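My entries follow in the order in which I looked things up.

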Amino acid sequence: MNFSVLMSVYFKENPEFLEKALQSTIDQTLIPNEIVIMLDGKLTDELYDVLEKFKTKYPGLINTIQLEENVGLGKALEIGINECKYDLIARMDSDDICLPE
């Protein structure tokens with residue numbers, strides 16, 4: 001089963017929570033085929049560092065889409081749906097933790 005995970009991140013997010021959320025997604029028994037992360041405006045260096053770490057460690061899995069300005073969660077996700085490759089989309093917040101199974 002192919003599926004995408006869709007997430008939006010903005011500058012007030014906690015980098016530690018984002019890292020844990022991404023790792024928990026990857027550590028599941030059913031790994032997504034892609035993780036689409038909407039960058040809702042400019043982020044902090046710490047958030048960009050977390051994203052770069054995962055993009056390097058898991059090449060081809062994470063697709064980040066940079067929005068020029070903060071448009072809000074709803075609009076960022078609306079744009080993100082069109083960036084997902086698969087019809088089945090799991091929606092996640094940047095502080096959600098997935099159970100292993």
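Is K53 buried, partly exposed or exposed? I note at the outset that the model is predicted. K53 has a relative accessibility of 42% and therefore counts as partly exposed, since that class lies between the 20% and 50% cut-offs.

I next looked up the partner of K53. Its side chain meets that of E19 in a salt bridge, with N to O at 2.3 Å. Because E19 belongs to helix α1 (residues 15-26) and K53 to helix α2, the pair ties together parts 34 residues apart in sequence. E19 is partly exposed, at 27% relative accessible area.

I then went through the other salt bridges; the count comes to four. Among them is K75 with E78, whose closest N and O atoms are 4.0 Å apart. Both residues lie in helix α3 (residues 73-83), three residues apart, or about one turn of the helix. K75 is partly exposed at 41%, and E78 is partly exposed at 46%. R91 and D93 form another, at 2.7 Å between the closest N and O atoms.

D49 lies in helix α2 (residues 45-57) and counts as exposed at 53% relative accessibility.

Finally I examined strand β2 (residues 34-40), where seven of seven residues are buried. E34, V36, M38 and D40 cover one side, and I35, I37 and L39 the other. Strand β1 (residues 4-9) runs parallel to β2, joined by six bridges; M7 has I37 as its bridge partner.

Definitions and conventions. Residues are numbered from 1 along each chain as its sequence is written. This is a predicted model: local features need pLDDT of at least 70, side-chain atom pairs count only at pLDDT 80 or more; totals for chains, interfaces and linings use all residues. Side-chain values use heavy atoms; hydrogens and water are left out. Helices (H or I, at least four residues) and strands (E, at least two) are DSSP runs, numbered from the N terminus. Buried means under 20% relative accessible area, exposed over 50%, partly exposed in between (1.4 Å probe, protein chains only). Two strands pair if DSSP finds at least two bridges between them.
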